[in-house]
Amino acid sequence: MARTRNSKSSSFISLNPSFFIHLFSLPPFNSLHNYSPRKNSRITQTSPFLSFCFISLLITLTFFAILLITFTTFFQNPLSCTGTSSSSSPLFLASVFAVASSRSGSVQDEQITLSTGAMVPLPAHGVVGNFSEEEEEFWKQPDNQGYMPCLDFSLKYRKASAKISKEKRKFLVVVASGGLNQQRNQIVDAVVIARILEATLVVPVLQVNHIWGDDSEFSDIFDVEHFKKTLIADVRIVASLPSTHFVSKQTINRDLPFHVSPLWLRARFLKQLNQEGLLILKGLDSKLSKNLPPDLQKLKCKVAFHALRFATPIRELGYQIARRMWIEGPYVAIHLRLEKDVWIRTGCLTGLGRQYDSIISRERDSHPEYLTGKLNMTHAQRRLAGMCPLNASEMARFLKGLGAPISARIYVAGGEPFGGTQAMQPLKNEFPNLLTKHTLARNGELTPYLEKSSTLAAIDYIVSLSSDVFINSHGGNMGRALEGHRAYVGHRKYIKPNKRMMLPFFEDSSVSEQEFKRIMKKLHRKSQGQPESRAKKIDRDVIAYPVPECMCKQ
């Protein structure tokens with residue numbers, strides 16, 4: 001998409017008053033100015049009526065000329081970044097996404113627009129009502145600083161698209177593993193790799209998730225036709241491998257190093273692709289470099305925020321549940337990572353007592369390969385280093401420290417917490433309006449998906465995307481995906497707990513409640529979803545930090 005000029009300056013053309021003074025000093029306007037019955041002469045005899053008609057005609061022509069210039073400027077600069085100062089307005093969302101996303105290549109029979117392509121959240125609520133100053137500050141959205149989605153592919157990229165989008169000899173098959181958001185990341189990278197290798201992409205295969213027992217296929221979770229149509233100008237995508245490319249012995253490449261570059265991929269696989277016409281990749285998670293050329297970064301955003309739309313049944317149910325939260329006013333969504341496997345992998349204590357901690361310890365001892373991070377750290381060291389998820393008690397105190405009202409409605413995303421209701425009780429004691437997809441669903445709406453962890457995670461994603469405030473307790477793929485998506489749709493409030501800096505104050509009993517609040521707010525004042533450049537730190541993923549490659553500033 002091409003950039004647009006600031007809407008406040010491109011919609012109107014302002015003319016200096018001196019322009020009109022000069023205009024009326026010229027014939028025949030000066031005759032009207034000089035006209036006086038007493039000074040009527042043969043030289044300057046001009047009918048006032050004729051002069052008036054002439055002035056009216058010229059003013060009319062000038063008006064239409066201004067309109068013509070304005071509309072010509074508008075259509076020569078299609079909307080990609082629309083100017084507005086508030087991300088909470090429904091008009092903001094409509095204007096941001098009502099633009100064509102197919103600037104990248106060939107002409108399509110049916111143009112895919114960002115309004116139909118992107119998963120757009122429900123609008124953020126304005127801060128109205130009987131809120132205290134502290135509560136208003138909690139619900140207030142960050143300043144988006146004028147950043148808007150902006151996918152301007154280069155001329156070189158668009159020229160290459162004509163050939164790549166019609167490729168029929170070379171095929172790439174990708175097997176994506178892990179949970180929903182881990183699979184999303186691999187699908188995004190699969191599209192980019194197909195573009196790099198100029199190959200046709202077969203709709204990715206989702207590996208059966210043995211941890212959660214989910215055997216969902218791509219079409220069960222994502223809208224396949226929308227996926228193909230949105231990327232039609234970037235990469236050719238087919239539903240299945242043609243019979244001409246089946247071979248009796250297929251080589252699966254699963255040992256890719258981390259952070260591979262486009263140059264490495266071409267050097268390693270182009271010869272094989274040209275000879276065999278088929279490449280199968282598995283285990284792509286975090287293998288593609290985060291530092292790609294600008295066009296490929298934009299392609300990642302196009303896939304993540306536009307092409308990977310959830311299947312219609314999931315999308316409809318997700319938005320139904322989101323509306324049930326939204327209709328009652330502003331709400332918080334938190335992603336509590338309290339599942340059993342998270343405690344096993346992090347090497348942390350659950351906070352539920354010895355009985356539960358011993359269960360986790362036994363599981364961890366029998367599967368030491370599950371433990372992530374440094375092995376020679378104690379539980380306490382891991383926690384103070386910020387390597388543990390916040391438990392329900394810590395999350396409750398953190399929310400109070402940020403100024404969240406006790407009446408706040410809180411949506412809890414994530415799987416079943418280890419310890420069940422006991423694990424959630426400290427949070428519910430402080431914030432009684434605690435809700436989940438299970439408590440919001442009606443008439444067995446979730447029944448078909450109770451064994452489909454990816455579908456349940458997709459519903460959590462939709463409801464969390466529409467929340468006024470999102471808080472992630474412990475990193476992870478969903479947290480990073482929502483961080484970038486919420487930025488892309490207007491920089492919705494997103495709070496990342498600075499655990500390393502704040503947890504020592506949780507332990508200090510000498511700190512008063514008022515001082516604790518002051519410290520929490522100060523620590524998180526600059527990490528509430530404001531625009532943050534990907535280039536600020538090395539190896540950041542554009543999916544989490546879409547500025548500046550995928551968003552431009554007015």
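Rings of Phe, Tyr and Trp (for Trp, its six-membered ring) make a pair if their centres lie within 6.5 Å, and the angle of the planes sorts the pairs: under 30 degrees apart is stacked, over 60 is edge-to-face, and the rest are tilted. With that in hand, look for Phe-218, Phe-222, Phe-227, Phe-310 and Tyr-461, which form one aromatic cluster.

Before going further, a word on what you're looking at. This is a predicted model, in which local features need pLDDT of at least 70 and side-chain atom pairs count only at pLDDT 80 or more, while totals for chains, interfaces and linings use all residues. Residues are numbered from 1 along each chain as its sequence is written, and side-chain values use heavy atoms, with hydrogens and water left out.

Back to the rings. The structure holds 11 aromatic pairs. One of them joins Phe-153 and Tyr-157, and it's stacked, with 4.5 Å centre to centre and 20° between the planes. To say how hidden these residues are, we need some words: buried is under 20% relative accessible area, exposed is over 50%, and partly exposed is in between (1.4 Å probe, protein chains only). Phe-153 counts as buried because its relative accessibility is 5%, and Tyr-157 is buried too, at 5%.

Another pair brings together Phe-506 and Phe-516, this time edge-to-face, at 5.3 Å centre to centre and 75° between the planes. Phe-506 sits in helix 23 (residues 499-507) and Phe-516 in helix 24, so this pair ties together parts that are 10 residues apart in sequence. Both Phe-506 and Phe-516 are buried. As for the element names, helices (H or I, at least four residues) and strands (E, at least two) are DSSP runs, numbered from the N terminus.

Now for the charges. Side chains of opposite charge can pair when their charged atoms come close. Here, a salt bridge is a side-chain nitrogen of Lys or Arg within 4 Å of a carboxyl oxygen of Asp or Glu. How many salt bridges does the structure hold? There are 20 salt bridges.

Take Glu-445 and Arg-324, whose side chains meet in a salt bridge at 2.8 Å, N to O. Glu-445 is in the loop between helix 20 (437-440) and helix 21 (453-465), and Arg-324 is in helix 14 (residues 312-326), so the pair ties together parts that are 121 residues apart in sequence. Arg-324 is buried, since its relative accessible area is 15%.

Lys-400 and Glu-430 meet in a salt bridge as well, at 3.3 Å, N to O. This pair links distant parts of the chain, with Lys-400 in helix 18 (residues 392-402) and Glu-430 in helix 19 (residues 421-430), 30 residues apart. Lys-400 is partly exposed at 27% relative accessibility, and Glu-430 is partly exposed with a relative accessible area of 30%. There's also a network of salt bridges, which links Glu-134, Lys-517 and Lys-521.

Next, follow the chain into the loop between helix 24 (513-523) and strand 13 (551-553), where you'll find Lys-526. Glu-549 forms a salt bridge with Arg-534, and their closest N and O atoms are 2.9 Å apart. Both Glu-549 and Arg-534 belong to the loop between helix 24 and strand 13, 15 residues apart. Glu-549 counts as buried at 14% relative accessibility, and Arg-534 counts as buried at 9%.

What about the peptide bond from Val-547 to Pro-548, cis or trans? It's cis, with omega near 5°, and Pro-548 is in the loop between helix 24 and strand 13. Asp-539 lies in that loop too. Phi of Asp-539 is near 60°, a positive value in a residue other than glycine, and Asp-539 is partly exposed at 38% relative accessibility.

His-259 also has a positive phi, near 60°. Its place is in the loop between strand 6 (252-253) and helix 12 (262-276), and at 44% relative accessibility His-259 counts as partly exposed.

Finally, turn to the surface, where Lys-522, Arg-525, Lys-526, Lys-536 and Lys-537 gather in a patch of positive charge. A patch takes residues with over 30% relative accessible area and no salt bridge, joining like charges within 9 Å and nonpolar side chains (Val, Leu, Ile, Met, Phe, Trp, Tyr) within 5 Å. Lys-526 is exposed, with a relative accessible area of 78%.

Terms used:
Areas by Shrake-Rupley, 256 points an atom, 1.4 Å probe, with all protein chains shown as cover. Lys, Arg positive; Asp, Glu negative; His and termini not counted. Charge placed at Lys NZ, Arg CZ, Asp CG, Glu CD.
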